[in-house]
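Thanks for coming. I will go through one model this morning, beginning with a term we need and then taking the chains in turn.

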Amino acid sequence: MVTGILLQIVQTLIAILLAPLLMGWVNQCRAWLQGRTAPPLTQPYRTLRKLFHKDAVIAGNASPLFRFAPYVIFSCMVLAAGLVPTIANDLPFSPAADVIALVGILALARVFLALAAMDIGTSFGTLGARREMLVSFLAEPALLMVFFTASLISQSTELPHIVETLAQKEFAIYPSLAFAAVAFWMISVAENARIPVDNPTTHLELTMIHEAMVLEYSARHLALIEWAVALKLFTYSVLGIALFLPWGIAPRGDVAALPLALAAMVAKLAAGGAALSFMETISAKVRLFRAPEFLGTAFLLAVLGMLTHFLLEV
Amino acid sequence: MPKHPDDLALTPQTEGGFVWRSRLEPGRLTAFARIIQDEGGQLLALWGADDRHLGRNFTVHVAFLSSVGLIWTTSELDGDQPAYPDLAHIFPQADRMQRAAFDLLGIRAQDGVDGRAWLRHAAWVEDAFPLRKDFPARAACRSPRPETEPYPFIRVEGEGVHEIAVGPIHAATIEPGHFRFSVIGDRILRLEERLGYTHKGTEKRFEGLDLATGAKLAGRVSGDSHTAFAWAYCMAVETATACSVPDRAIWLRALFLEMERVANHLGDLGFLGNDVALTFGFVQFWRLKEDWMRLSARLFGHRYLFDMLLPGGVATDIDARGKADLDALCKRIAGEVQTLRHIYDEHTGLQDRFANTGIVAPDMAARLGLTGLAGRASSQAWDARVQFPCAPYDRLDVNMALQKSGDVLARAEVRFTEVFESLRLIRLLLEQLPAGALHAPCTQAAGVCEGLGWVEGWRGPVIVAVRIDADGRLDRVHPHDPSWQNWPLVEVGVLGNIVPDFPLINKSFNLSYSGPDL
């Protein structure tokens, strides 16, 4: 039990500390693919350090909600990251919430971000919040559908069981998971404000979704939000790994398998980050009103995954 | 000879040129404008001047584009409350120019529908007119006052309509301008621009300058069109002083102008990719632009080719090795742009964003006077280099780029075509560059003299009108940027589009703030 708690703490810390590194890696790959000189891998850490050393500027009409929202958002993301098995499976914290609760935690963070964006009353905050809600209300059901497909296979909505079914029981091919994986990729792209749904590097305030909501934040508040954004990308990445490529995650109590599990995770994240940056480099951003079509396709694929499960796997 | 009625009394500015001069009674301006309109012409520019120190009153000047070329009319106004007939009901593009003429000189368009201030942002008091000769320019600079009255934007009323105010400070380092959107959800019902934030008194600054310094200032009216403005200014001064410029200098000017066009088009094509988040395209086009500017710096000493022109000629030359380098770069860039064009053409995501976005239909473009590059993307077939070629374009046989659809895609296509055409022209210019002197002295004319220069810059027709006083110093200079008449068309182009597409549409026009704000 003590080992379990210790492992849980280590795993959560790894998530918090490695998340900016994943962001740095994606940015580096993007720069290389575009033919630019890449920023160093550690650039996100430097940015965070810089932001934590600055004085915060807060609008005169901001309510307390605007101040504490970054802490809520960051905590939600830490909680979500702690729930997903990254290197060790079935840790003591896992039974606290299943995948449905995980969707809820991510939604809670989003609600606070949207409320904080509208709190100041600038047109861009409201604009961003509105668009974020448009994207998320389409992405959430699709994400749930993906989780249902995975949980139908393992007969449980708890992540440790899902991971165990795929990684530690006898090998089986599940065609439904192929559909679910593509759907999950599309949802992750939309939820993490990446191209083709949103552009994380744009300076054009009228085109922004996520960035428009955080325009008024500065210093430590912005640092927490940026860190939460990195954590979100990390959480979605390890979630994708846990659902579709869980091989390598150490089974319960197997401490000896941990170094290999860590290496496997880093390798999988590196490959995933490179794939994300490749997809971002070759695509243009879709017109905002095409985002529903994009997410509708994701939903359709997730439903197809479920149907395939009933047709082929039961 | 022009096919206009003889009673219009057109006199050519120079023998064999395409600029005509006409002195008109103010009362006949409306009828004259109607003749131009019936013939399919346009109003290019409108400005005023204070001629009281010359023993006359205020004058209003209009530049019309017609089938015979550019007609420059001058009308002297009467009385203490000088007024001229409103031209905006015939040529809507005159509206902002008329408002600016009132702000600067106090000459009013009679029965003009829009009486709001344009350039005056409360930086000077309402009854002061900075371009009048008796206005103390230095006193005004010392006391900027905050704007007390909000600018009366035209409001859209109704259920669910709200306004988004953007600028003048933007998230990126771009020039200041205010955009007021009335929207339902993300759909744009109306856009109203408010410009004038970069008004810096350029026209006032010209007064009293010597001719060579004037060329430097003219080139800085809008930095991305440096050569276009400097050439138009030099052309005006040389016409006024009857100075004959050596052939080699004129050919080099054309070389600089085409180089400026290529640099700007490459940059814009990159920006258009960037605005749809295709950063690959942005980086590639900017790499080419960077190569281009580095060669410019190496050959001529300036990345943006500043201060290469002076009245009477040019300040710099190109040698055989420079010619070979530039020729080789033209060849390489033509090939690379061809490849990038294929990528843009076949990228479904990019085409989906470009096509049918920000449409300015040809009939609307004709009615509102869309000009230059954006005009050619909406079937407005005007290009001074083609129809009214000054030397050396009369020897080059320029091909006009023309598109019909008037959307972002059409404006990108015109840029692609013009890049290839300009690269071809540069290679021709280099090949046929005549030998000779670079510079001829401009002798001072006897008494006050006037001239007008007209150059097809990369954005559109650039006009500079100059009056030189009896001492050989500048008395009145009006530089006209084509952005004046194209800005209102951005308001038209975005109608029915969605807010997140505005930056792309705006970038596809890529208009100047500094040029019309003066």
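Two residues are in contact if their C-beta atoms, placed from the backbone, lie within 7 Å. This is a predicted model, where local features need pLDDT of at least 70, side-chain atom pairs count only at pLDDT 80 or more, and totals for chains, interfaces and linings use all residues. Residues are numbered from 1 along each chain as its sequence is written, while chains are lettered from A and ligands numbered from 1 in the order in which they are written.

Chain A, then. Among its contacts between residues at least 6 apart in sequence, 81% join residues at least 24 apart. Chain A has eleven helices and zero strands, helices being DSSP runs of H or I with at least four residues and strands runs of E with at least two, numbered from the N terminus. The radius of gyration of chain A, over C-alpha atoms, is 19 Å, close to the 20 Å from the globule rule (2.2 Å times the number of residues to the power 0.38) for 314 residues, so chain A is as compact as a globular protein of that length.

How many residues of chain A touch chain B? 22 residues of chain A are in contact with 24 residues of chain B. The chain A side divides into nine nonpolar, nine polar and four charged residues. Here Ala, Val, Leu, Ile, Met, Phe, Trp, Tyr, Cys and Pro count as nonpolar, Asp, Glu, Lys and Arg as charged, and the others, Gly among them, as polar.

Within chain B, eight residues of domain 1 are in contact with five residues of domain 4, with domain bounds from an automatic or database domain assignment.
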